[in-house]
Amino acid sequence: MLGSTALLPYSVAASSASSPPAPERIRVAELPLPPTAPSDEAGTCGNAVNPHGTGCMSANWDALQSGGFLSDGRTIAARVTFAGAPAAPDPASFYSGDQLILVRTDGSTFPGGDAWKCLTCGTPAGNRQGVTDDVSYPQPFADGRRVLYGTNVVDCGPYRLASAACTPARVRVYPIRWNTTADGSGAGTAIRELRLHPDQVHIGFNSVSMDGGSFNQYGYFGRLRFDPAPKTGEPLVPRYELEKVTRLFDSSPTAQSVHVSPRDSSKLVFDPSRPSVGEFRGFSKSGREAFYVGYPVESSNLDLMAVDLRTGKLRRATANPGYTDPMDASPDDRWIAALDTRATDRMTFLSGMTGIPAITDLLSTTAVSSVRNNGQRRFFQPYLIDRHGDRGAYQGQQLNYANTSPDWNAGADPRWAPDGTAVVYYERLASAPSCGGANPLPCPVSTEPGGRRTRMMIARLVDRRPVHERPVKPVSDRVPWGTPYVPGSAIPPRPYPPQGTYTLRGKASGSAEVRIVWDDANTTVKTVSLRYTHYSDDGSGFLEGIESVTRTSRNTTVDTLDWYSDLVKTGRNGEVLATKKTGANGFHLTIDLWQTDFQATGTLTTTVGSRSYNQPANGT
């Protein structure tokens, strides 16, 4: 039930007063979906495939994304790619492309006999003016009449989405616009990864900039307001506006996790208690906390963090060396369902050695985060983790422990049932080009209906008693530790320490000499090198040796890093606890943040106890 790294001491804190929860019984079942089209060619979805004439879905790897539950607790929203529909003017021609559907989870059906219902198939063009292509992460509103659908809102007016009265002809789809010009003109700036706040009024989102050819992303918090007749900006159609937006970032140098001491310019400070939102991921169900993946607490170990929107107080939600970002908090906020790579140890060659302060991460975070996937092969599995996080032998419980497969991996996001007794998630089967052909990995054969390479699952927590999800009153627009966004203002760069040589003191003992080198144009940090001498933050593990990372090139989202490491971690009695070492010629990584195709030369190996963790083979 535990990941393979469960016996390693990956902990959210040095100690915890809370005893780990006992493993619980979980039953996983597959949820119904539309029939699979024999191919994506028009006309292949005939009556023989779907006698009800309600469409077929594509067999492709990316043809499904499950979403959240409606308030009835037995219906979920999902994005499905329909395919094989007959050509117009056949009345079934609109069962094509990405559509929003509802799926029953309790074995019941909608009128007509299907366990699913398409909300947007056949919605008139006049009802969906200005809609965007982003239809990710469907999240129903508590009113049961609307769904946050990527950067759109699907609205059925006075009718509940699951009712027979809510038909595609009655559905309206409205775009969401974030104004970023001083005069309100233009189409606004692209946003991604939207998550609905429990107060149903605010959302969190991310926005990427490529200023200067470099990738930079910030998380934001803002209020949704419907404008039925906008006078400025594009598109001039009924739409939702994002207002009173706050960037979840403080640009002052001393607010960064790594900064120069204001009292002594020769000293470097590492303070992981500072909020550092890299990618916003969601909210607690109370609405008080925002979850994110950002600057690490330990080097190369990218965890889920939770920050209080009002106070800025930080809580580390996971600590395992696996990569985590997709998550959902339980209705009572006592648990999270998280998708994590910890079952595969894929990341452990980078992050398995604990106690290394995150200093080289000034350069390496983007590249390290990209190792989590290999294109269309994912390594996520769903985990149940209590509020106190990973500690000692407790590293969460895999939801699908009884029927997991290394070929099927989970996609973002998992979603809790409103009563806390189930979690829905979806899975994708490893697919070409990340297997087969020139890739050394063979592609698995799908046994799903029609050879479909995706499926939707429900994990039922059979021994849990239902909880009651409480409504959340609208929270303040203000995030005191963030920065109010002013339309038209420039996106700030993330501050880094100036070029120089510094001393980083261990909290318990020792120190590290840190050398930071900027590029020739003095636009960004190029090299970070450390030499550790009996360095310890916890008094139980002590670092000796060197580590150096140089970014040799960056082309928008592609990073190339030269990495050299020769680190030893010893215990109080001098015994070797772990090592992190590159080969004689170092480790040289090139990877794209979006494509996530792992390509490296040289070696990097982390050994913890008697077990060694090596990098994956190229292309795998």
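This report walks through some aromatic pairs, strands, a helix and cavities in a predicted model.

## Ground rules

Residues are numbered from 1 along each chain as its sequence is written, and side-chain values use heavy atoms, with hydrogens and water left out. Since the model is predicted, local features need pLDDT of at least 70 and side-chain atom pairs count only at pLDDT 80 or more, while totals for chains, interfaces and linings use all residues.

## Rings that meet

Let's start with the aromatics. Rings of Phe, Tyr and Trp (its six-membered ring) pair if their centres lie within 6.5 Å; planes under 30 degrees apart count as stacked, over 60 as edge-to-face and the rest as tilted. The count here comes to 17 aromatic pairs. One of them is W178 with Y485, a tilted pair at 5.0 Å centre to centre, with 55° between the planes. W178 sits in strand β9 (residues 172-178) and Y485 in the loop between β27 (483-484) and β28 (500-505), so the pair ties together parts that are 307 residues apart in sequence. Strands, by the way, are DSSP runs (E, at least two residues), helices are runs of H or I with at least four, and both are numbered from the N terminus.

Both W178 and Y485 are buried, where buried means under 20% relative accessible area, exposed over 50% and partly exposed in between (1.4 Å probe, protein chains only). Ring pairs also link W178 and Y485 with F205 and Y220 into a cluster.

Charges can sit over rings too: that takes NZ of Lys or CZ of Arg within 6 Å of the ring centre and within 35 degrees of the ring normal. R104 lies over the face of F110, at 4.2 Å from the ring centre. R195 does likewise over Y137, at 3.9 Å from the ring centre.

## Strands and a helix

Strand β16 (residues 277-283) has six of its seven residues buried, so it is largely enclosed by the rest of the structure. Five bridges join β16 to strand β17 (residues 289-294), and the two run antiparallel; strands count as paired if DSSP finds at least two bridges between them. G282 has F291 in β17 as its bridge partner. Together β16 and β17 make a hairpin with five residues between them, and G287 in the turn has a positive phi of about 85°.

Further along, four strands form an open sheet in the order β20-β21-β22-β23, with antiparallel pairing. Its edge strands, each pairing on one side only, are β20 (324-329) and β23 (397-398). Six bridges join β21 (residues 335-340) to β22 (residues 381-386), and I336 stands opposite I385 in β22. As for helix α2 (residues 361-370), 10 of its 10 residues are buried, so it is largely enclosed by the rest of the structure.

A cavity is a set of points, on a 1 Å grid over the protein atoms alone, where a 1.4 Å probe fits but cannot get out; lining residues have an atom within 4 Å of a point. Grid points are joined across faces, edges and corners, and a volume is the space filled by probe spheres set on the points. There are two cavities of 30 Å³ or more.

Terms used. 1 Å grid on protein atoms, 1.4 Å probe; cavity = no way out; pocket = protein on both sides within 12 Å on 5 of 7 lines; lining within 4 Å.
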